[in-house]
Amino acid sequence: MQTFTTRPELLGTVGMVASTHWLASATGMSVLERGGNAFDAAVATGLVLHVVEPHLNGVGGDLPALGHDARTGRTFVVCGQGVSPAAATAQACTALGIEDIPGTGLLPATVPGAFGAWLLMLSRYGTMRLREVAEPAIGYARNGYPLVAQAAATIAGVAPIFTEHWTSSAEIYLPGGRAPGPRQRFANPRLADTLDRLVTEGEAAGPGREQQIEGARRAFYSGFVAEAIDAFCATEQVDGSVVGPPGVDGHSRHCGLLTGADLDTWRATEEAPLAVDFAGHQVVKTGPWGQGPVLLQQLAMLQAAGVDRLAPGSADLVHLVVEVAKLAFADREAFYGDPDHVQVPVAALLSRRYAAERAALVGSVADRTLRPGSPGGSSPRLAVRVQQAMVDGGPWPDGLASPGQGEPTVARGDTCHLDVVDQWGNVVAATPSGGWLQSSPVVPGLGFSLGTRGQMFWVEQGLSSSIGPRRRPRTTLSPGMVLREGKPYLAFGTPGGDQQDQWVVPFLVNHLVHGTDLQAAIDAPSWHSTHWPSSFAPRVAEPAGVRAEDRLGQQVLNDLAGRGHRVSAAPAWSLGRISAAGIRADGMLMAAANPRGMQGYAVGR
């Protein structure tokens, strides 16, 4: 049992906020101190994250959130995953010579969903006015904040692209023509102007709180923001296309497919979550338009396999968790997609019977194939490229993506996460991401970039995640919540792309099965598989690959290698960005945050 933790598990009675940046966490707590509830605090926290972590998320990105409303006892999902443009068809891609949607530029842009999701949450469940929760973000954007080292390194890495091609980004991120240094005071006054104008136009809509929130939403999705995005997407910008005629400088350029009409017709939505029972609790996730159900499948299989009998951090545990992950993520590849457009056999995927059938496939050595199942008799469908590589043993991309492209945890970026609980029993878990400064040029006049989540679509048709008009891409963003006897117990999550629903598995096993406190469960050594194709361009895969923190110990790593895993030792304290906040059975509030990366923090009292 771990006896030392990097920080204490926080306990208190007033409120708790945990996030991936200390300024955001402190902002959220200040809202709770002023009498706001968890939903008010979450919106304020999220807007600050958009400002202070521009390499990890932005106003032009996307957002799934889980909430629990103490007044009604309801647990719900807020979907801020913007859809593909109406013009996003396979024919449009092939006409441009595009076989694989790039990870950078304007072509993979989807409707920015994060801002609409925050407004929906604030309007339905919050108590404060938009200006009250937006002022901290506006202040940091206008007056400056300390730029974290990772952000400075990201900007430096893509500075040549900014200087030569994405000049609107250079104007923001290369002040004086130079990349800013770590912890330098950095401001984005254009973003401040955009946020302030959104609030001001909202206030002009009327005196009521909800009127003003709706006015700001219209200003974004039907007003000046949509107009600026529409005009910019009509221009050709350098992107990461690897198929198609390059320009004279060797770079491909394409306009975006996104239009103002796409923004005007979209709204954030609310829906019911999915859940499975695990270790005496109910774990709650988003629908299959996200990868959330892949965690639920893993937990159901682990329960069926008797995970409670395995020691924390042991080779037996790591082997079981990795092999179960391969099975769950194979199903993700074959079945997950936007349920508004494709049939996803969710009930069968999450059934106990199917979990037991799948868990029985785990052998004593590492499997090197991709093995989707047939839940409820459904036939799996994998992309031709995946079949050739992962099933037939053909070649597959292996290695790091180029700057600005690829799964953002690898390509000098990531995602954000926040968890909030208040004294009234309201709980929020949210994972804002997308709109990374390194993956798409800044929209002139707005100060933020568009998201590139469209890279997760396949151009090949007939798949669960094939490209099509106004579809939600199968996002990796995956906040989580745990209920105990129907009441909220824990909000949790992490950045990390395809790793999000892997890193939280040992965390939940440590906490829910073995009883370690939140901070000890977060601090424990972590690992993940790189076996299946990445969700991000260029869809890198390493069959049987396992990345594990060396703190697991050389004996464990050697044991795993002996079972056929391609083990790569990661430095200590390098895998995972988990934070969590919750409510104990006695009503005491609790929270913890990840020390890795040296910027996440939990606050509360």
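Helices (H or I, at least four residues) and strands (E, at least two) are DSSP runs, numbered from the N terminus. The model is a predicted one, in which local features need pLDDT of at least 70 and side-chain atom pairs count only at pLDDT 80 or more, while totals for chains, interfaces and linings use all residues. Residues are numbered from 1 along each chain as its sequence is written, and side-chain values use heavy atoms, with hydrogens and water left out.

**Nonpolar cores**

- A nonpolar core is a set of buried Ala, Val, Leu, Ile, Met, Phe, Trp, Tyr and Cys residues joined through side-chain atoms within 4.5 Å, where buried means under 20% relative accessible area, exposed over 50%, and partly exposed in between (1.4 Å probe, protein chains only).
- The largest nonpolar core holds 92 residues, and the members that touch the most others are W118, M121, L130, F220 and I229.
- Helix α2 (residues 38-52) gives the most to this core, contributing 11 residues.
- A second, separate core has 73 residues, among them L302, A325, W503 and A580.
- Contact means heavy atoms within 4.5 Å, and L130, leaving aside its neighbours within four places in sequence, is in contact with L119, L122, V199, I213 and A216.
- As general background, nonpolar side chains tend to be buried together in soluble globular proteins.

**Helix pairs**

- Axes are lines fitted to C-alpha atoms, for helices over the stretch in contact, and angles run from 0 to 180 degrees between N-to-C directions; angles under 35 degrees count as roughly parallel, over 145 as roughly antiparallel, 65 to 115 as roughly perpendicular and the rest as oblique.
- The axes of α2 and helix α4 (residues 114-125) come within 9 Å and cross at roughly 160 degrees, so these two helices are roughly antiparallel to each other.
- In the contact between them, α2 supplies F39, D40, A42, V43, G46, L47 and H50, while α4 supplies A114, F115, W118, M121, L122 and Y125.
- By class (Ala, Val, Leu, Ile, Met, Phe, Trp, Tyr, Cys and Pro count as nonpolar, Asp, Glu, Lys and Arg as charged, and the others, Gly among them, as polar), the contact of α2 with α4 has 10 nonpolar, two polar and one charged residues.
- Helix α8 (residues 189-203) and helix α9 (residues 209-221) have axes that come within 7 Å and cross at roughly 130 degrees, which means that α8 is oblique to α9.
- That contact is made by L198, E201, G202 and E203 of α8 together with Q211, Q212, G215, A216, A219 and F220 of α9, and by class it has four nonpolar, four polar and two charged residues.
- Helix α9 also packs against helix α10 (residues 224-233) at an angle of about 15 degrees, with the axes 3 Å apart, and the two are therefore roughly parallel to each other.
- Here A219, F220 and Y221 in α9 meet F224, V225 and A226 in α10, a contact with six nonpolar, no polar and no charged residues.

**Two residues within helices**

- R217 lies in helix α9 and is buried, with a relative accessible area of 12%.
- Not counting residues up to four places away in sequence, R217 touches L119, S222, W266 and R267.
- V513 belongs to helix α17 (residues 500-513) and is partly exposed, at a relative accessible area of 26%.
- Although V513 and D308 are 205 residues apart along the chain, their C-alpha atoms are separated by 6.3 Å.
- Once its neighbours within four places in sequence are left aside, V513 is in contact with F278, A279, D308 and L508.

**Backbone details in loops**

- In general, most residues other than glycine have a negative phi, and most peptide bonds are trans.
- The peptide bond from A537 to P538 is cis, with omega near 5 degrees, and P538 sits in the loop between β16 (527-529) and β17 (545-549).
- A544, in the loop between β16 and β17, has a positive phi of about 70 degrees although it is not a glycine, and at 0% relative accessibility A544 counts as buried.
- M598, another residue other than glycine with a positive phi, here near 55 degrees, is in the loop between β20 (589-593) and β21 (601-604), and at 74% relative accessibility M598 counts as exposed.
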